[in-house]
Amino acid sequence: MENQIQVENYKIQKPELWAGNIGDQEIIDRIKDSEFAGKQIDAGKDYCYFVDKKYYTSNKENNEYVCMAYTLNEPGNLERASVSDIIVEENEVYQIHRISVVRDGVLIDKIPDTKIKVLDNENHSSGGVLSSNKKINITIKDLRLYDVLILEDSRIKEFTDRDFLRKEFSKYVWVSPDNYWAYGSFKFTFINEREQTIAYKKTFFRNERGEVLEPEIGYLKKGERFVIEEKNYINPVDSGREIFPYIDFATENNWKNLSNYIFPLYEEVFNKSALKDFAPSLIEKLDAIDDLDEQLQFAIEYVQNHIYYTFNADEMNGHRPQEPALTYENKQGDCKAKSVLLKMILDYIGVDASVVLVNFNTDYYIKYYLPSLLSFNHVVVKINYKGEDYFVDATIRDEFGLIENRGFMYFMHYLEVKENQELQLRKPYRLPYYCIDEKVDFDVIGNTGKLNLESIYKGNRANAMRRYFKSTNKREIIDSWNNFLFYSLNYSGDRNGTDVRNIFTDAAIDILSDDKKLNEIKIRYTAVVENPYFVDPQNNRFLMYFDRNVVKAAARDFMHRDLPFWHNFDSEKYEINLYTDQRIDSEEKYTVQESTIKSTYLDYKSRKKVTKSGASAYIESNPLINLEIPQAEFEKFREDHHTVADSNFGLGIDIIEPGLMNRLKFGFKKRFK
């Protein structure tokens, strides 16, 4: 085997005693084709003969052991097995116990044919997640179709002083097996060797009718094990519409005790020094600003833009924050450090703020998880200002605006770093501004149309648009608008395949204004369009403008038995004006059609103004956001979005062609419509 000198990130050795010792003959005996196995293999699927997984936790280490055997009957699986990557954290060691194949009934050791490389794996994350890892690349030579591959390995994480939280608390989530595979047997064992009791919670398990069972909670004292085992098993979960059953293991605790554990860690660094002692120049700048609104904006943007967000694993492990004086001096820190510094600055200017723990990635599951500080992976700042709660991510850059105009951060659950706190749930929210306020003017004279779009973006959209214009070539931006308009004007229906640059000539786009306090950016797009009318197969002409972004396909198509619909649509306002020098059908059903939707979750209206040679549509959408829509109320919500999609997201006008015969045809159509 290559790599004879073993490095600290991986080792080749026998498993620990608690994991057991499976011999070669036992491996061969367990790889027997049963009737169940034959059905899967005959169906052209790969088959897992067995998987034995054990998770061992103590106050010194976590250790995850796996032994499994599966077929390599599919070329895709063969490729994935031949070259694989294992990501390990700092102080985590990957142990290889066995790499073998059964070929023609003979067990062959493949470790001599295995090449191992250890690579850096530095993945920068914008969510404050650990990022300094190592990648162990494993290449196994001479794997063949129809081999049975046996892998036996462990991942051991020994705790250092920086891992004080993992020493004190355990958390592990076991998820039921992948439903691609059929398993001759699978077995999972959780072994508690900690001094503290560990609770476990079985969630989203189902009965024979597929109905979700009530969660089951149990407890494991030191030395006790939890075992779950199945034979001839295919996971019945409908992965597209159901959540995989899982078991959450966590050190027995409650949110109030956990908040009291974490609070002193932050209180200690807050009391180390005063802002005036280590940041006199910053205080001078703050004191020079008379308006509190502007002071608050300056403080947020100073920490976001002048303090570099670091991804150092040494600093990120655990929940002990860096001292604000050090963060300020070095001009860098992780999410905890930046949030602590921001809170200290806000304390100085008299704005009520607190540090809160969140996890955007698993926000939905936190309400089901057992209480654990290890459920969180990010820290942000909660600001109470003029009676409203705002949340600011100190790690984000290039965000602007007074506090009420800044972008909205979507999540539901958080734990405030204060004494005696419970897990909190954010209230639903209705944005006080329109994220997009757009006016469309399309004026057609003869066979030439002049198109003018003026769009005002606010909040998250303004921040995103600034970044887009800053990082994207102007020609590419114009092409993007051209492509959007190609569909909005329905040209995809009568001239598909045409180069959009030949349709929208003299196209130009510019930023008209950018107000960093209102967090409002105004953009104008203009173009000339030859042959501006959409023409159907019967040679009828129409002017159309339907903005498909208004139609929320995510709501109309959503199908899930377990997950409620997460509502986070923007507030929007549109004015669409279509003018022509031709006579139009001013009574056409869809031209004059209006709609009003007023429900708990959506306030939507479209109004029309129609003349003999043009029409205008006025659309406003004001949703209630940052909430999960209960399943019992979702169908009404879906129907409301079907109503929006039924020609209530734009405007179309029918041209009455000149000439006596055309007028007669039009009158006949109206009479018998």
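The largest nonpolar core of this predicted model holds 52 residues, and those with the most contacts inside it are Phe442, Leu451, Phe504 and Tyr525. Such a core is a set of buried Ala, Val, Leu, Ile, Met, Phe, Trp, Tyr and Cys residues joined through side-chain atoms within 4.5 Å, where buried means under 20% relative accessible area, with a 1.4 Å probe and protein chains only. A second, separate core of 51 residues includes Phe164, Phe169, Leu282 and Leu296. Leaving aside residues up to four places away in sequence, Leu451 is in contact (heavy atoms within 4.5 Å) with residues including Val440, Leu485, Leu489 and Ala527.

Glu92 is found in strand S5, residues 92–103, strands being DSSP runs (E, at least two residues) numbered from the N terminus. Glu92 counts as buried because its relative accessibility is 9%. Its side chain takes part in the polar atom pairs tabulated here; a polar contact is a pair of N or O atoms within 3.5 Å, one able to donate a hydrogen and the other to accept it, and residues adjacent in sequence count only if both atoms are side-chain atoms.

| Partner of the Glu92 side chain | Distance |
|---|---|
| Arg155, side chain | 3.4 Å |

Beyond four places in sequence, Glu92 touches Asn9, Ile87, Arg155, Ile156 and Lys157.

Residues are numbered from 1 along each chain as its sequence is written. Local features need pLDDT of at least 70 and side-chain atom pairs pLDDT 80 or more, while totals for chains, interfaces and linings use all residues, and side-chain values use heavy atoms, without hydrogens and water.

Conventions:
Buried < 20%, exposed > 50% of the residue type's maximum accessible area, 1.4 Å probe, protein only. Helix = DSSP H or I, 4+ residues; strand = E, 2+ residues; numbered from the N terminus.
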